Amino acid sequence: MTEQAPAAESDIPGKPTSASRTTLSHIMTHNDTNLLGTVHGGVIMKLVDDAAGAVAGRHSGGPAVTASMDEMAFLEPVRVGDLVHVKAQVNWTGRTSMEIGVRVLAERWNESTPPQQVGSAYLVFAAVDADGKPRRVPPVLPETERDRRRYQEAQIRRTHRLARRKAILELREKRIADGLGD
């Protein structure tokens, strides 16, 4: 992942945050449950990845693959019969990668209570061409103060991801150099 060129310097026109924002909704059934009778976390994670993938593909104008998922938080259990809404948007873009922010809400399908946030996650997607090679993405153009805050927070998460990756690689190289293996 490389630094993003400012929109004015990019040869690809930017896209506003709203251009690729999406919501995926799904009613949870008995097929989605774990041994405790609540919806399995993996089912929620797949919905999160599906919604984020749709946003990444829409924003980049083509295929995009999941590079990482981090900070997946499960705040409340989801139950059979809940109508789950997975809301996703591009928070930040680099040259070939995008951070997608996702909020998961649940509501009883047969009640008129407001949806409750039950989870959130941040995913990084890389845009790829037909050969699976990285390709450029349009810069995201934050539209609201909330979008600008999310963009800044995404830059902080990116810095932390890169620092963590570097520290792990350095530790691994040291272990190999010391003859301790990988």
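Reply: The dialogue below goes through the elements, the sheet, the helices and a pocket in turn. This is a predicted model, in which local features need pLDDT of at least 70 and side-chain atom pairs count only at pLDDT 80 or more, while totals for chains, interfaces and linings use all residues. Residues are numbered from 1 along each chain as its sequence is written, and side-chain values use heavy atoms, with hydrogens and water left out.

Me: How many helices and strands does the protein have?

Reply: Helices (H or I, at least four residues) and strands (E, at least two) are DSSP runs, numbered from the N terminus. The protein contains two helices and seven strands, in the sequence pattern β-β-α-β-β-β-β-β-α. Its C-alpha atoms fill a box of roughly 55 × 50 × 35 Å along the principal axes.

Me: In what order do the strands of the open sheet lie?

Reply: Strands of a sheet pair through backbone hydrogen bonds, either parallel or antiparallel. Two strands count as paired if DSSP finds at least two bridges between them. Here five strands form an open sheet in the order 2-4-5-6-3, with antiparallel pairing. Strand 2 (22-27) and strand 3 (64-74) are the edge strands, each pairing on one side only.

Me: Which residues are bridge partners in strand 6?

Reply: Strand 5 (residues 97-108) and strand 6 (residues 116-127) pair in the antiparallel sense over ten bridges. Among them, Ser-97 has Ala-126 as its partner in strand 6, and Val-102 has Ala-121. Strand 3 and strand 6 also pair in the antiparallel sense, over eight bridges; there Asp-70 is partnered by Tyr-122.

Me: Which strands does helix 2 lie across?

Reply: Axes are lines fitted to C-alpha atoms, for helices over the stretch in contact (heavy atoms within 4.5 Å); angles run from 0 to 180 degrees between N-to-C directions. Helix 2 (residues 145-177) lies across strand 3, strand 4, strand 5 and strand 6, at about 75 degrees to strand 4.

Me: What is the volume of the largest pocket, and which element gives the most to its lining?

Reply: On a 1 Å grid over the protein atoms alone, a pocket is an open set of points where a 1.4 Å probe fits, with protein on both sides within 12 Å along at least five of seven lines; lining residues have an atom within 4 Å of a point. Grid points are joined across faces, edges and corners, and a volume is the space filled by probe spheres set on the points. The largest pocket has a volume of about 330 Å³. Its lining has 19 residues, with Gln-89, Gly-101, Val-102, Arg-103 and Arg-150 nearest the centre. Helix 2 gives the most to this lining, with six residues.
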